[in-house]
Amino acid sequence: MKLTSIDNLTDEIIGKKGSTERAIFEYDLRMDVVGTMIREARISRNMTQGDLGDLLGVQKAQISKLENNTKDFRIGTIIRALEALGAKVKLSVELENKELIVA
């Protein structure tokens with residue numbers, strides 16, 4: 001049996017790093033992780049989607065869409081949701097070998 005690494009398998013199935021397909025896949029994956037983090041934090045605090053929506057001034061349906069990555073959200077909305085759940089948010093941006101960290 002021939003074994004292959006997850007990186008090679010991802011290259012084959014999704015596309016090579018730097019390709020449009022790979023960039024879309026990686027973005028969606030990151031957004032799924034963020035949505036899952038928000039859901040788990042909300043549930044651990046015994047909050048409903050409606051409770052979190054009330055804190056943010058949005059409908060319960062918006063929280064569902066945020067948690068399930070079914071709509072693009074502004075970074076401000078994501079940060080507000082995380083902060084409402086008591087998370088410390090740090091933003092790290094690397095551009096042209098320069099890194100900016102906002103905490």
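How much space lies in the largest pocket? Let's take a friendly tour, one close-up at a time.

**View 1. The largest pocket.** About 380 Å³ of space lies in this pocket. Among its 15 lining residues, Met31, Val34, Ile75, Ile78 and Leu91 are the closest to the centre. Two elements, H2 and H5, each give two or more residues to the lining, and H2 provides the largest share, with 5 residues. (A pocket is an open set of points on a 1 Å grid where a 1.4 Å probe fits, with protein on both sides within 12 Å along at least five of seven lines; lining residues have an atom within 4 Å of a point.) The volume is the space filled by probe spheres set on the points, which are joined across faces, edges and corners.

This is a predicted model, in which local features need pLDDT of at least 70 and side-chain atom pairs pLDDT 80 or more, while totals for chains, interfaces and linings use all residues. Residues are numbered from 1 along each chain as its sequence is written, and side-chain values use heavy atoms, without hydrogens and water.

View 2. After H2 comes Asn46, with a positive phi near 55 degrees.

**View 3. A charge over a ring.** The charged end of Lys71 sits over the ring of Phe73, 5.4 Å from the ring centre. (This requires NZ of Lys or CZ of Arg within 6 Å of the centre and within 35 degrees of the ring normal.)

Notes: Helices (H or I, at least four residues) and strands (E, at least two) are DSSP runs, numbered from the N terminus.
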